[in-house]
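Visitor: I have a structure open and would like to learn how to read it. Where do we begin?

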Amino acid sequence: MTRLCRTFQTAPAAVPREDSAKYLRSGLTAEGFQLPDWLVPDLEDGTAPEMKDTALENTIELVDEHASGFPGEIWPRVQWGYDDEATRERGRQEIETLVRSVGDRIDGVVVPKVGRVEDVRAAASAIEEYETSYGHAPGSIELAVIVESARAVSDLDRIARLGDGRLAALVFGPVDYTAELGGRELDDGRPTWPGLLERLSNEASAGGLLAVGGPFDQLYRERAGVQFYNGDAYAEQVEREATVGLDGSWSLHPNQTAQANRIHMPRESELRQDVERIEAFEEAKSTGTGAVSVDGQMVDEATFKNFANTVETVRRIDETRPEQTAARYDDGLLGRALDLETSW
Amino acid sequence: MTRLCRTFQTAPAAVPREDSAKYLRSGLTAEGFQLPDWLVPDLEDGTAPEMKDTALENTIELVDEHASGFPGEIWPRVQWGYDDEATRERGRQEIETLVRSVGDRIDGVVVPKVGRVEDVRAAASAIEEYETSYGHAPGSIELAVIVESARAVSDLDRIARLGDGRLAALVFGPVDYTAELGGRELDDGRPTWPGLLERLSNEASAGGLLAVGGPFDQLYRERAGVQFYNGDAYAEQVEREATVGLDGSWSLHPNQTAQANRIHMPRESELRQDVERIEAFEEAKSTGTGAVSVDGQMVDEATFKNFANTVETVRRIDETRPEQTAARYDDGLLGRALDLETSW
Amino acid sequence: MTRLCRTFQTAPAAVPREDSAKYLRSGLTAEGFQLPDWLVPDLEDGTAPEMKDTALENTIELVDEHASGFPGEIWPRVQWGYDDEATRERGRQEIETLVRSVGDRIDGVVVPKVGRVEDVRAAASAIEEYETSYGHAPGSIELAVIVESARAVSDLDRIARLGDGRLAALVFGPVDYTAELGGRELDDGRPTWPGLLERLSNEASAGGLLAVGGPFDQLYRERAGVQFYNGDAYAEQVEREATVGLDGSWSLHPNQTAQANRIHMPRESELRQDVERIEAFEEAKSTGTGAVSVDGQMVDEATFKNFANTVETVRRIDETRPEQTAARYDDGLLGRALDLETSW
């Protein structure tokens, strides 16, 4: 089944404002292309230490209120650190509180700063323990990890092969990663870690996991005295991520969500091509020819699966976000995509 | 021993034309720089499903007819798929038929879409079984695998370390690989996977295997209404592959073979330099100095081996394709290269 | 503790000149920015075979004479080769002689051309054996390896995880590496192995080791008939290495040392920013707020450690090379950096 995670939008779960849940509420009630596939109430770096309790309360209250009307997935990010037991203990307490209070309303828990595979197993065990204690179905609360330590990258193949049915996504965390490796921002900018992104995409695919890129925090830039949304640079990062097969991108802002949702969605030309190929394939099959060539390319089961993936992605988006597919695709084309037979 | 695989040319073993073996015959009878080092009769994606039987018959018939006069190696590509037992069973039957009929005329079998190391072992076992059944010497029929799944890339070091004496080459398959990872072709073109190519070259070297790049299928391009052979783009890909130490490149067309054979062959300047270094080394040795410095560089055994490799590659080409070395090198230089003492 | 290895300068331990120790002496008595963090008397490729005995004598004599006044670390490079037992035996003899004669004056031994992890273990065992025989404290003589074989790169994670307290640094060796992989220098120059450098930086960080880039041997270039120091190209290589988090760069010349020492040293703007952040953090802590945000960024222990690293690097340099910090930083700023409280 095609699972959507075009956008992984973190929202600080508490900020020092009158409405401390402002960003969290905004994420959970977003509409149109600003609606993220995954909303991540952030109890970790996005929330100040003295607001951690409020952040947990906000998360429980707002998830409780909005989850049923939110078409995406909800994944709170807790505190964790492979190198600090006290932080892990706070993370376990947050996991317990979340599972006890809104365990049937969240899809999983995001665990940052994991280390080697043993540390990822420890995070998975914490979820399993409370899942059992509070009577949730085994495996119903999943795990996504932020890959941002040298140890996690070193163990990436072992982590992706855990195969425990709980680990669902690998998310890159470039800021901590660059700091841990001692990377520097000199005249040519920050390192972009292209080799690591290739491996992240590969290991996620090998393990049947989703792969998500890291945040882009230069939200605005300035030119000739005017500050404006830095939309080109973000779109270029998201396109690089899509090119190497990441399923989605991190978003820190509704504008970023709106861009990444579109970039990680098949283009109209891609959908049209794959719909036409499947239609041609079905027609050829019905005329009895044993094998089928479309556009001069033999269609085997693997090729067919690629065409079908495009169509199924569009269908999944259409099920829960029909305003996005309506805005993106010609009506006739969308209708054909929804009606096709996509099994081999 | 230097083994040549500058070019890995696939030829569909059956096409829907009057002469269904047209491309296969053309490959097996090519001359000059169009003669591939490895010819790969393609029973897999290059052949339509309804022509698979014809393809196998063509392969047997033409290999039988042309193998003795073909100076390169012959490596049929069979069907396989780590994720589909039915396809693997067809592959095993193809291997059996090939080994039984032309087992003494082929150098090995190319197995595509392998998965983790266990799957590569299964392919090797199939070859071993029929090699034994039909009385061929152990290890005489080798294995080359197409690396085109996330699992194979994840296991690349384990695969390259098999050390079974049967696995001879790792060949990249970018089309299936990109599809499996969900990579996309956006405005900056397809992903080129530079990190993977570095690893492919490294693991092949570590395991004593050959490494070959993936196919380039944009054979022609069009400009201002005229279509022409896309020779610059292909040469650039082959040069990138040669730079990181791949031994050869995939060819889909005699023009590509002619280019890749040249690019993966030492340049005249490279040959001249290494011949002169070996000559200087031999002279210095004969004058009795214990150690020798050439061009200000100390010559140790490792350095010497690099010089010798260039010369031995040229000799190997000269043995079976003298028209290529004659066209490429000055007569005097070639003569010196053939006469040198290249052992340490 | 921050350990300095901004520069890894090799000096041939014997050259065919009247003063055969010319370069070695020059390295051990360098001053200012030309003073390398690590000086590597080279008994391997930098020394001609017939001068190996002189090289060992020079090393012992000069290290004995200059070590106490040399502010950096001293790491002789011995002979070794994963594929040649005779070379390894020569290496073991060199290690024995060095440990016996100047074991308390050197910081470690650099072992080149290592292969898989078992070979690195063999090098570590040789050091351990003589360390014990000659009564040095366990672990007092460390090991740095040159990563320049496909096998070492294949085993990089296993090597970095040895965790024996003896292995201290991974140093890249591109010349042998490129030759072993069969990489070539075509029109776009030599391969730069960016994927490998990412992994080297990652595995070194994961294993708590230092990571150092490879030598740049095009020391001079020529234009319009004039030959001059190739300072731009070297600086660009060092900046690429610093960007991905290598701790230091290889130097073949005092000019290179002077450049790499500067590039791998925090810039004044970096130091100022981190000093200000720590000061702001300390002030906020003293006013009793539980948590502290600086420049709109929450400061947690990990963030703080990054700020502190910059300051501690500067302090380490200042301890032993005050002329470098004096030349680089404003007096007032340096004073503040030296006075700060840098524990969490």
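This is a predicted model: local features need pLDDT of at least 70, side-chain atom pairs count only at pLDDT 80 or more; totals for chains, interfaces and linings use all residues.

Visitor: How many residues of chain B and chain C take part in their contact?

Guide: Contact means heavy atoms within 4.5 Å. Chain B brings 25 residues and chain C brings 32 residues.

Visitor: What area is buried between chain B and chain C?

Guide: The size of an interface is often given as the accessible area lost when the parts come together. Buried area here is the accessible area (1.4 Å probe) that two parts lose on being put together, summed over both. For chain B and chain C it is about 2,200 Å². Carbon and sulfur atoms give 44% of that. On the chain B side, R161(B), E198(B) and T243(B) supply 25% of the area buried against chain C, more than any other three residues.

Visitor: How many salt bridges are there between chain B and chain C?

Guide: A salt bridge is a side-chain nitrogen of Lys or Arg within 4 Å of a carboxyl oxygen of Asp or Glu. The count between chain B and chain C is four. One of the salt bridges joins R267(B) to D187(C), with the closest N and O atoms 3.2 Å apart.

Visitor: Which elements give two or more residues to the side of chain B that touches chain C?

Guide: Helices (H or I, at least four residues) and strands (E, at least two) are DSSP runs, numbered from the N terminus. The elements on this side are α8 (194–207), α9 (231–243) and α12 (301–320) of chain B. The largest share, six residues, comes from α8(B).

Visitor: Now chain A and chain C. What do they bury between them?

Guide: About 2,200 Å², with 44% of it on carbon and sulfur atoms. In chain A, L181(A), R184(A) and L186(A) lose the most area to chain C, together 28% of what that side buries. There are five salt bridges between chain A and chain C. D157(C) and R158(A) meet in a salt bridge at 3.5 Å, N to O.

Visitor: Which element gives the largest share of the side of chain A that touches chain C?

Guide: That is α7(A), with five residues. By class, this side of chain A has 12 nonpolar, seven polar and 13 charged residues. Ala, Val, Leu, Ile, Met, Phe, Trp, Tyr, Cys and Pro count as nonpolar, Asp, Glu, Lys and Arg as charged, and the others, Gly among them, as polar.

Visitor: How many cavities of 30 Å³ or more does the structure hold?

Guide: On a 1 Å grid over the protein atoms alone, a cavity is a set of points where a 1.4 Å probe fits but cannot get out, and lining residues have an atom within 4 Å of a point. Grid points are joined across faces, edges and corners, and a volume is the space filled by probe spheres set on the points. The structure holds one cavity of 30 Å³ or more. About 290 Å³ of space lies in the largest cavity.

Visitor: Which lining residues are closest to the centre of the largest cavity?

Guide: Of 24 lining residues, those are R199(A), G195(B), R199(B), G195(C) and R199(C). α8(B) gives the most to the lining, with seven residues. By class, the lining has 11 nonpolar, six polar and seven charged residues.

Definitions and conventions:
Residues are numbered from 1 along each chain as its sequence is written. Chains are lettered from A and ligands numbered from 1 in the order in which they are written. Side-chain values use heavy atoms; hydrogens and water are left out. On a 1 Å grid over the protein atoms alone, a cavity is a set of points where a 1.4 Å probe fits but cannot get out, and a pocket is an open set with protein on both sides within 12 Å along at least five of seven lines; lining residues have an atom within 4 Å of a point.
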